[in-house]
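Have the sequence and the model open side by side.

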Amino acid sequence: MAVQQLAPLILSDDERAELTSLTMRRKTAQALALRARIVLTCAEGGQNTEVAVKLGLDRQTVGKWRRRFMAQRVAGLHDEPRSGAPRTIDDARIEAVIVRTLESCPENATHWSSRDMAKTSGLSVSTVQRIWRAFGLQPHRMETFKLSTDPNFVAKVRDVVGLYVSPPEHAIVLCVDEKSQIQALDRSQPLLPMRPGQAARRSHDYKRHGTTSLFAALDIATGRVIGKCYGRHRTAEFRKFLDEIEAAVPRELDVHLVMDNYVTHKTPMIRRWLAKRPRWHVHLTPTSSSWLNQVERFFALLTDKKIRRGVYRSVAALRADIASFIERHNADPKPFRWTKSADDILASIERFCRYNAPAKQAPMLRTSGSGH
């Protein structure tokens with residue numbers, strides 16, 4: 001018996017965009033996201049059995065949501081209203097809470113609390129909290145951002161990311177930076193160790209015993225780190241560190257240096273030092289873009305695993321601990337895996353600018369052209 005061929009499922013551009021959004025949003029219920037994936041897969045031209053095999057579902061499940069969508073379109077994918085007590089808060093009051101949250105502030109504060117909003121709107125605190133959760137509103141939170149104003153931002157991103165995803169042959173790519181003013185801190189009283197049901201504790205006050213600056217170079221291919229601490233953070237120390245790198249890298253390899261625009265990296269002394277060494281090639285990251293330098297990730301590991309909870313009664317003890325961390329890291333190094341292409345990064349920044357800036361003032365990034 002011939003298998004009945006189902007009518008093709010054709011989506012409009014708006015429907016396809018809405019279904020794709022349902023599959024990607026974090027707030028979408030998993031059942032609704034699955035139904036959207038079923039419809040999108042059916043729209044590719046497959047029959048119910050083929051779609052079921054592809055998604056690992058039962059054929060009857062695929063058929064049910066195909067029929068629901070054909071009859072009611074996107075609205076048919078949502079759950080039908082359940083029985084229960086009728087709503088006591090209408091849409092107008094919910095909208096008023098949302099608008100007030102987004103467009104105003106209380107007289108005595110910089111942001112709304114659920115208690116202030118409850119008093120103003122005449123609703124209960126729990127109702128305000130439910131509304132905020134439903135619409136993803138968190139007035140108590142404030143995040144930070146920093147956009148680079150470097151006029152050569154796009155070119156520099158493509159240059160640096162190109163080194164990460166397609167490093168040159170017969171060369172070593174080193175990410176270089178300094179972690180300056182690392183403090184040797186000693187707590188005023190002994191630490192109290194962790195116990196069952198109680199976290200480790202330390203006194204909030206401390207004693208300072210001086211600072212040191214760590215200069216580090218991360219090999220992106222192996223994950224190994226060349227690092228050395230210096231008492232100060234000047235051109236002279238940076239020049240000495242470059243000598244350390246020069247001695248550590250085999251002569252037959254070119255050296256591609258990724259670093260930021262800090263003033264000590266561009267002084268006449270450093271320019272002369274680099275000019276005398278044609279195998280060295282400098283790649284500058286854009287201003288305000290430290291996230292593009294992979295050695296910053298190593299500094300984060302060092303801070304989290306060693307420095308933040310460390311107790312040091314001298315700068316010498318701090319330097320010894322840092323040197324020990326680098327030695328253990330190099331004993332079993334693991335490179336960081338760069339996953340974003342330059343186009344992905346630039347597209348993400350452009351989306352951020354378009355979404356957050358006023359229409360007439362939204363900055364534009366030109367991302368056309370070839371690149372890594």
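Phe-215 and Phe-241 are both buried in this predicted model. Their rings form an aromatic pair, with 5.9 Å from centre to centre and 45° between the planes, which makes the pair tilted. Phe-215 belongs to strand β2 and Phe-241 to helix α9, residues 235-248, so the pair ties together parts that are 26 residues apart in sequence. Phe-215 and Phe-241 are also members of a cluster linked by ring pairs, together with Tyr-230 and Phe-238. The whole structure has 8 aromatic pairs.

In soluble globular proteins, nonpolar side chains tend to be buried together. The largest nonpolar core here has 35 residues, and the members that touch the most others are Val-157, Cys-175, Leu-214, Val-258 and Ile-322. Two or more residues of this core come from each of the helices α8 (153-165), α11 (295-307), α12 (315-331) and α13 (342-356), and from each of the strands β1 (171-187), β2 (206-219) and β3 (225-230). Helix α8 gives the largest share, 7 residues.

Which residues does Val-258 touch, leaving aside those up to four places away in sequence? Its contacts include Val-160, Leu-163 and Tyr-164, as well as Val-173, Leu-174, Cys-175 and Val-176. Val-258 also touches His-283, Thr-285 and Asn-293.

Phe-145, Leu-147 and Phe-352 make a nonpolar surface patch of about 290 Å². Leu-147 sits in the loop between α7 (125-134) and α8. Its relative accessibility is 33%, so Leu-147 counts as partly exposed.

The charged residues come next. Side chains of opposite charge can pair when their charged atoms come close. The structure holds 16 salt bridges. One of them joins Glu-44 and Lys-54, whose closest N and O atoms are 3.0 Å apart.

Another salt bridge, at 3.5 Å from N to O, is formed by the side chains of Asp-321 and Lys-306. Because Asp-321 lies in helix α12 and Lys-306 in helix α11, the pair ties together parts that are 15 residues apart in sequence. Asp-321 is partly exposed, with a relative accessible area of 21%. Lys-306, at 25% relative accessibility, also counts as partly exposed.

The closest N and O atoms of Arg-354 and Glu-350 are 3.1 Å apart. Are these two residues buried or exposed? Arg-354 has a relative accessible area of 48% and is therefore partly exposed. Glu-350 has a relative accessibility of 15%, so this residue counts as buried.

Salt bridges can also join into a network. Glu-246, Arg-251, Arg-277 and Arg-279 are linked in this way.

Note on methods:
Residues are numbered from 1 along each chain as its sequence is written. This is a predicted model: local features need pLDDT of at least 70, side-chain atom pairs count only at pLDDT 80 or more; totals for chains, interfaces and linings use all residues. Side-chain values use heavy atoms; hydrogens and water are left out. A nonpolar core is a set of buried Ala, Val, Leu, Ile, Met, Phe, Trp, Tyr and Cys residues joined through side-chain atoms within 4.5 Å. Buried means under 20% relative accessible area, exposed over 50%, partly exposed in between (1.4 Å probe, protein chains only). Helices (H or I, at least four residues) and strands (E, at least two) are DSSP runs, numbered from the N terminus. Contact means heavy atoms within 4.5 Å. Patches are made of residues with over 30% relative accessible area and no salt bridge: like charges are joined within 9 Å, nonpolar side chains (Val, Leu, Ile, Met, Phe, Trp, Tyr) within 5 Å. Accessible areas come from the Shrake-Rupley method with a 1.4 Å probe; for residues, only the protein chains shown count as cover. A salt bridge is a side-chain nitrogen of Lys or Arg within 4 Å of a carboxyl oxygen of Asp or Glu. Rings of Phe, Tyr and Trp (its six-membered ring) pair if their centres lie within 6.5 Å; planes under 30 degrees apart count as stacked, over 60 as edge-to-face and the rest as tilted.
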